[in-house]
Each structure stands twice: as C-alpha cells, then as structure tokens.
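Please read it alongside the sequence and coordinates.

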Amino acid sequence: MGAMEIGIDNFVAAAIDPVTGEAGSAAEQMQRVLAQIVQADRSGVHTFGIGEHHREEFLDSAPVTILAAAAALTERIRLRSAVTVLSADDPVRVFESYATLDLISQGRAELVVGRGSFTEAFPLFGLDLADYDLLFEEKLDLLLRIRDDAHPHWSGRHRAPLTGQGVFPRPHQERLPIWLGVGGTPSSFVRAGVLGLPLMVAIIGGAPSRFRPLVDLYREAGRRAGHPASQLQVGVHCIGFVGDTDQQAADAFYPGYAKMFTEIGAERGFAPVTRAGYDAQRGEGGPFLIGSAETVAAGIRRVSDDLGGVSRVTLQMTNGLVPHEAIMRSIDLLGTKVVPLVHDAEGENA
C-alpha cells in the first residue's frame with residue numbers, strides 16, 4: 001500500500017446567514033464550492049468528493065456536473081462522487097457521465113457508489129423503497145459489467161435488458177475506479193470483498209475501532225474470493241475540520257454541525273445535538289477529526305491503526321454555517337500541514 005491519500009467530501013450545504021437564519025444565494029454557494037476544490041488542488045489535497053442528496057438544504061443533486069466544472073479548473077486532484085445513490089439511478093447513464101468526467105479531467109475521475117442514508121430519491125424517481133436492496137445489487141452488477149465490456153449482455157428485473165448495445169464514451173483511464181460505500185451492514189462489507197472493490201466506510205458516529213471486525217470481514221471475503229491484498233483498499237469517510245488551534249476548529253464547526261444533525265435527527269427520532277456530545281466525539285478515540293493540523297494528523301493515523309491500515313481518509317468538513325473563508329483556511333491546512341505530517345509519520349513507521 002502506498003502513501004495514504006487525504007481528501008475532502010462536500011455535500012454542498014445551502015449557505016445560511018448566521019444572523020437572520022435565511023438561506024443565501026445558491027449560485028454564490030456553488031461558486032464558493034468550486035473555489036474550495038481549486039484551493040484543495042493547489043494545497044496538495046489528494047481527492048475531492050461531492051455527495052448526492054435530493055433535499056432542500058443541499059445543492060448536490062447533480063454531483064457529476066459540479067465535478068465536471070471543477071475538472072476544468074484543476075490539474076492534479078482526483079474528482080469523485082462522495083456517494084452516487086446507484087439504487088435510484090441508471091447504471092448506463094452513471095457510467096457515461098463519469099466516463100465523460102474522466103475525459104474532461106484526463107483520468108482523474110472516480111466513483112463511490114452506495115445506497116445512501118436518505119430515501120428521498122426513491123419516491124422522486126418512482127421507485128419502491130421495498131426494493132431497496134435488490135435495486136442496488138442489480139444495478140451494481142450492471143455498472144461493473146459496463147465497466148468491463150462496452151457492449152454488455154445483461155438482464156434484470158428493474159431495467160430493460162442490454163443485448164450488446166454500445167455504452168460510450170469509454171473513460172480515459174483503462175479502468176474507471178469504483179469504490180463501494182458502506183455504513184455498518186456486514187453483508188455490504190462482504191459484497192465489496194467478494195467483488196474485489198475498494199471499500200469506503202462512512203463513520204459518522206461511534207468509535208472507529210468498532211468497525212475493525214467488519215473491515216476484517218471484508219478483507220477475509222476478498223482473500224477467499226482470490227483477490228490480492230493490494231486490491232482490497234480501505235477508505236474512511238468521517239466528519240473533520242482543521243483550524244489553527246483545537247478550540248478554534250471546534251468552535252467554528254459546531255454551530256453548523258449542530259443545526260444540520262439536530263434537524264436530520266428530528267426526522268429520525270434522535271435527541272438533539274449537544275455541545276458535550278460533540279466534544280466527546282472529537283475526543284480521544286472518537287470519530288470526529290476536528291482540531292489543529294497536529295491533532296487531525298494524529299487522529300488520521302489512529303483511525304488507520306484501528307482499522308489495520310487504510311489507504312484513504314476523507315473529511316466531510318462543510319456545513320451551511322461555516323464561513324467560506326474558514327473553509328478555505330481549513331482546506332489549506334489540510335493540504336499543506338496535515339498531509340505532510342501523516343506522510344512523515346508513515347515514513348518513520350515504514
């Protein structure tokens with residue numbers, strides 16, 4: 001496994017005025033997001049992902065469009081979906097879109113596919129939530145088939161069959177990278193291992209060490225399926241933010257985090273977010289990587305150790321109340337300070 005990659009995930013939360021509580025301009029927020037991707041590219045961040053939500057408080061319902069705009073403005077950074085909600089999309093269109101992105105970016109596109117943690121896309125696109133698992137399984141099979149064959153033969157229950165029709169364009173890369181995004185379902189970890197797909201584990205609550213048995217399950221399933229260990233990459237998506245000091249980072253990120261997760265939690269029957277709970281989760285052994293560059297780098301190394309070595313860590317470091325200037329500073333610190341600290345530590349332990 002090479003040097004660990006450090007990245008950012010962005011859900012393009014609609015900007016909220018902290019004084020009035022009113023939403024700001026969506027067009028201006030989109031320009032800020034593009035500026036943040038450019039900043040990440042210049043600062044040495046390895047990868048940037050855009051999420052997919054179909055809710056009023058997010059602007060990322062068409063992530064590949066945002067990534068394509070970013071591709072024309074950047075040079076090195078790898079551009080990917082944070083999670084493509086494959087169950088609610090057509091694999092042919094997904095592949096065509098990201099293959100086109102790969103051409104625009106000259107080989108920097110990637111996909112993270114999953115079922116998503118929200119269900120709004122199902123009624124929006126006329127899908128039955130009862131088919132949640134089958135839709136994903138079937139569409140993932142087709143997507144992988146298309147990646148390997150420009151003229152696939154395939155049939156399933158939820159889409160018209162393909163009988164050799166061409167799926168174009170083909171990507172710039174010989175093989176478009178496809179990661180499987182998972183939460184905490186053991187069968188999802190096993191599926192990724194059996195298919196030999198790199199794994200992106202979303203850890204937004206609970207100690208990362210609790211996921212070690214599931215990661216081990218993935219690696220064992222991959223080994224039994226005959227995939228080399230080098231192919232079984234593990235990535236981690238978590239909440240994070242970098243500041244000049246631990247306290248400054250924690251204070252800057254908390255208001256927007258509390259607002260977002262209290263509102264989402266209310267829909268799911270969870271208790272409101274508290275500052276004490278937030279501080280506990282950014283403490284030693286917790287899932288939040290929030291603090292100074294030194295604190296975040298140490299946290300990334302700890303997460304990797306807890307999970308037996310990971311190849312990528314991505315931070316979801318934006319919410320509607322963090323000022324753009326603070327995000328830009330955080331991105332710069334991530335690329336210029338955190339990345340070297342993590343790589344230096346890897347060199348010392350090699």
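How many nonpolar, polar and charged residues does the lining of the largest cavity have? By class, that lining has 4 nonpolar, 4 polar and no charged residues, where Ala, Val, Leu, Ile, Met, Phe, Trp, Tyr, Cys and Pro count as nonpolar, Asp, Glu, Lys and Arg as charged, and the others, Gly among them, as polar.

This is a predicted model, in which local features need pLDDT of at least 70 and side-chain atom pairs count only at pLDDT 80 or more, while totals for chains, interfaces and linings use all residues. Residues are numbered from 1 along each chain as its sequence is written, and side-chain values use heavy atoms, with hydrogens and water left out.

**Cavity**
- The structure holds 1 cavity of 30 Å³ or more; on a 1 Å grid over the protein atoms alone, a cavity is a set of points where a 1.4 Å probe fits but cannot get out, and lining residues have an atom within 4 Å of a point.
- The largest cavity contains about 30 Å³ of space, a volume being the space filled by probe spheres set on the grid points, which are joined across faces, edges and corners.
- Its lining consists of Phe 253, Gly 256, Tyr 257, Met 260, Phe 261, Gln 316, Thr 318 and Asn 319.
- Helix H8 supplies the largest share of this lining, 5 residues; helices (H or I, at least four residues) and strands (E, at least two) are DSSP runs, numbered from the N terminus.

**Helix H8**
- H8 covers residues 246–268, 23 residues in number, and reaches 31 Å from its first C-alpha to its last, close to the expected 33 Å, which is 1.5 Å times one less than its number of residues.
- A kink of about 40° lies at Tyr 254, shortly before the proline Pro 255; the bend is the angle between axes fitted to the seven residues ending there and the seven starting there.
- Among the buried residues of H8 are Phe 253, Tyr 254, Gly 256, Tyr 257 and Met 260, buried meaning under 20% relative accessible area, exposed over 50%, and partly exposed in between (1.4 Å probe, protein chains only).
- The cover over the buried residues of H8 includes strand S10 (234–242), helix H9 (275–281), strand S11 (289–291) and strand S12 (312–316).
- Just after H8, Gly 269 has a positive phi of about 80°.

**Largest pocket**
- About 1,100 Å³ of space lies in the largest pocket, a pocket being an open set with protein on both sides within 12 Å along at least five of seven lines.
- Of the 46 residues that line the largest pocket, Gly 116, Ser 117, Phe 118, Ala 202 and Ile 204 are the closest to its centre.
- H8 gives the most to this lining, with 6 residues.
- The lining of the largest pocket has 23 nonpolar, 15 polar and 8 charged residues.

**Second largest pocket**
- The second largest pocket holds about 320 Å³ of space.
- Of its 21 lining residues, Arg 147, Arg 175, Ile 178, Leu 197 and Pro 198 are the closest to the centre.
- H5 contributes the largest share of this lining, 5 residues.
- The lining has 8 nonpolar, 4 polar and 9 charged residues.

**Glu 120**
- Glu 120 is found in the loop between S5 and helix H4 (121–124), and counts as partly exposed because its relative accessibility is 26%.
- Leaving aside neighbours within four places in sequence, Glu 120 is in contact with His 54 and Arg 55, contact meaning heavy atoms within 4.5 Å.
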